[in-house]
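Welcome, and please take a moment to look the chain over.

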Amino acid sequence: MKANVFTSAIIVLLTLVSCNSEPSLQKYFVENTEKKDFIALDVSSDILNLDKAKLSAEQNEALKSFDKMNILAFKADDKNQAQFETERAKVKAILKDPKYQELMKVGSGKDGASISYVGTDENIEEFVVFANRKENGFAVVRVLGKNMNPNNIMTLITVLKQSKIDMEQLKPLQQLVK
């Protein structure tokens with residue numbers, strides 16, 4: 001009997017410890033994807049429409065390190081400014097977690113953008129771009145990949161210039177900039 005109680009107690013303890021209630025961007029995306037003021041998109045590397053045969057070995061390596069982008073945008077208007085402020089504060093609080101290492105911040109006051117990453121300098125798992133403007137709303141872009149590094153990202157930016165981006169996949173975001 002004592003063994004059953006002890007085993008049950010360990011299982012309950014392990015269950016409680018394994019449940020992480022801390023906020024994360026992934027949880028934030030899941031919780032808000034279906035809400036009316038949000039626009040959510042998952043974009044694969046196929047959006048780039050690249051002729052991989054014309055890419056250098058370095059460019060192909062950079063492209064292989066990139067898996068997908070998750071985009072979540074909040075469209076602000078005159079009626080939802082309080083909600084906009086609340087949601088923006090939630091994202092800012094999540095990005096203050098030490099696991100998000102800030103690379104760059106631009107803008108001041110209510111408008112601006114930041115770029116952060118998760119991982120180490122040589123093995124970046126995720127880049128996060130957070131841009132916000134009171135009149136339009138905000139967008140959070142998660143660039144996910146494997147073994148990304150700063151060189152791969154810079155190379156990927158040059159590859160983007162050569163791409164013929166499939167704008168049809170980005171159509172839902174047009175609502176945000178209107």
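Predicted model: local features only at pLDDT ≥ 70, side-chain atom pairs only at ≥ 80, totals over all residues.

H2 covers residues 25-32, and its buried residues are Leu25, Tyr28, Phe29 and Asn32. Looking down the axis of H2, you will find these buried residues within an arc of 100 degrees, so they line one face of the helix. The general rule is that an α-helix has 3.6 residues a turn, so residues three or four places apart point the same way.

What do the buried residues of H2 pack against? Their partners are listed here.

| Partner element | Residues |
|---|---|
| Strand S1 | 38-44 |
| Strand S2 | 66-75 |
| Helix H4 | 81-95 |
| Strand S5 | 123-133 |
| Strand S6 | 137-148 |

Now to the cores. The largest nonpolar core has 18 residues, and Leu50, Leu63, Phe127, Val143 and Met148 touch the most other members. S1, S2, S5, S6 and helix H5 (150-162) each give two or more residues to this core. Apart from it lies another core of 17 residues, including Leu25, Phe38, Phe84 and Val140. Leu25 is also one of the buried residues of H2.

Stepping back, the protein chain has 6 helices and 6 strands, in the order α-α-β-α-β-α-β-β-β-β-α-α from the N terminus. Of its 178 residues, 35% count as buried. The chain exposes about 11500 Å², with carbon and sulfur atoms supplying 57% of it. Among contacts between residues at least 6 apart in sequence, 64% join residues at least 24 apart.

Definitions and conventions
Residues numbered from 1 in each chain as written. Heavy atoms only, no water. Buried < 20%, exposed > 50% of the residue type's maximum accessible area, 1.4 Å probe, protein only. Helix = DSSP H or I, 4+ residues; strand = E, 2+ residues; numbered from the N terminus. Arc of directions from axis to C-beta. Contact = heavy atoms within 4.5 Å. Areas by Shrake-Rupley, 256 points an atom, 1.4 Å probe, with all protein chains shown as cover. Core = buried A, V, L, I, M, F, W, Y, C linked by side-chain atoms within 4.5 Å.
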